[in-house]
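Q: I have a chain open and want to talk through how it is put together. Can we go helix by helix and then look at the side chains?

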Amino acid sequence: MIKSNLLAIMHYLNLHSVQVSEGELSLQSTYDKLKKLLSYVQANYDKPVSIASAADICGFSASHFMKLFKELTGRTFAQYLKDFRLEMAAGLLADGTQKIIEVAENTGFNNHSYFTRSFIDKYGISPSEYKRNHYENKLSCS
């Protein structure tokens with residue numbers, strides 16, 4: 001009885017299922033691979049992440065990875081990684097417990113001046129101003 005019910009359910013599902021094209025399956029597979037990479041970046045943004053290692057995580061060649069990432073996200077992997085690191089840095093600066101140089105190092109920036117330039121480009125103010133503004137906001141809210 002159970003076996004016949006399972007066969008009936010499978011028959012019903014087969015009749016009412018939607019056909020998925022090969023392209024859609026391939027795109028879903030690509031998205032899954034990129035999600036795996038983004039999870040890796042979230043856990044390891046403070047460490048060096050090269051294009052080669054990112055491509056390897058996705059199972060693509062470096063050139064295919066770079067083209068695909070840009071196509072799907074609208075920016076290069078290097079831009080994505082830098083923006084993600086800067087967002088993490090902004091959170092640490094707002095917290096106010098670490099020195100700016102520590103924040104830079106703890107978010108994967110080994111060059112302090114590059115960190116400062118990048119931060120200014122993204123947020124329009126220096127890391128020290130950002131930290132000071134958030135510290136003052138904390139004091140006024142207390």
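Q: How many residues does helix α4 have, and what does it reach from its first C-alpha to its last?
A: This is a predicted model, to begin with. Helix α4 covers residues 62–73, which is twelve residues. Its span from first C-alpha to last is 16 Å, close to the 16 Å expected at 1.5 Å a residue.

Q: Which residues in α4 are buried?
A: Phe65, Leu68 and Phe69 are buried. Seen down the axis of α4, the buried residues fall within an arc of 100°, so they line one face of the helix.

Q: And what is on the other side of α4?
A: Ser63, Lys67 and Glu71 are exposed there.

Q: What follows α4?
A: Gly74 does, and its phi is positive, near 85°.

Q: What about Phe65 and Phe69, how far apart are they in the helix?
A: Four residues, about one turn of α4. Phe65 and Phe69 are both buried.

Q: Which residues form an aromatic cluster with those two?
A: Tyr45, Phe77, Tyr80 and Phe84 are in one cluster with Phe65 and Phe69. The structure holds 13 aromatic pairs.

Q: Zooming out, how many helices and strands does the chain come to?
A: Eight helices and zero strands. Along the sequence the pattern reads α-α-α-α-α-α-α-α.

Q: What share of the chain is buried?
A: Buried residues make up 27% of the 142 residues.

Q: And how much of the contact set joins residues at least 24 apart?
A: Among contacts between residues at least 6 apart in sequence, 56% join residues at least 24 apart.

Q: Now the largest nonpolar core. Which residues touch the most other members?
A: Leu37, Val41, Phe65, Phe69 and Phe77, out of 16 residues in that core. Helices α2 (22–44), α3 (51–58), α4 and α5 (77–95) each supply at least two residues of this core. The largest share is four residues, and it comes from α5.

Q: What is Leu37 in contact with, leaving aside its neighbours within four places in sequence?
A: Ala54, Ile57, Cys58, Phe65, Phe69 and Phe77.

Q: What other core lies apart from that one?
A: There is another core of twelve residues, among them Ala90, Ala94, Phe109 and Phe115.

Q: Which residue does Lys122 meet in a salt bridge?
A: Glu87, at 3.7 Å from N to O. That pair links distant parts of the chain, with Lys122 in helix α7 and Glu87 in helix α5, 35 residues apart.

Q: Last one, on α7. Where is Ser118, and which residues does Ser118 touch?
A: Ser118 is in helix α7, which runs over residues 112–123. Not counting residues up to four places away in sequence, Ser118 touches Lys82 and Leu86.

Q: Is Ser118 buried or exposed?
A: Buried, because its relative accessibility is 4%.

Technical notes:
Residues are numbered from 1 along each chain as its sequence is written. This is a predicted model: local features need pLDDT of at least 70, side-chain atom pairs count only at pLDDT 80 or more; totals for chains, interfaces and linings use all residues. Side-chain values use heavy atoms; hydrogens and water are left out. Buried means under 20% relative accessible area, exposed over 50%, partly exposed in between (1.4 Å probe, protein chains only). Contact means heavy atoms within 4.5 Å. The expected span of a helix is 1.5 Å times one less than its number of residues. The arc is that of the directions from the helix axis to the C-beta atoms. A nonpolar core is a set of buried Ala, Val, Leu, Ile, Met, Phe, Trp, Tyr and Cys residues joined through side-chain atoms within 4.5 Å. A salt bridge is a side-chain nitrogen of Lys or Arg within 4 Å of a carboxyl oxygen of Asp or Glu. Rings of Phe, Tyr and Trp (its six-membered ring) pair if their centres lie within 6.5 Å; planes under 30 degrees apart count as stacked, over 60 as edge-to-face and the rest as tilted.
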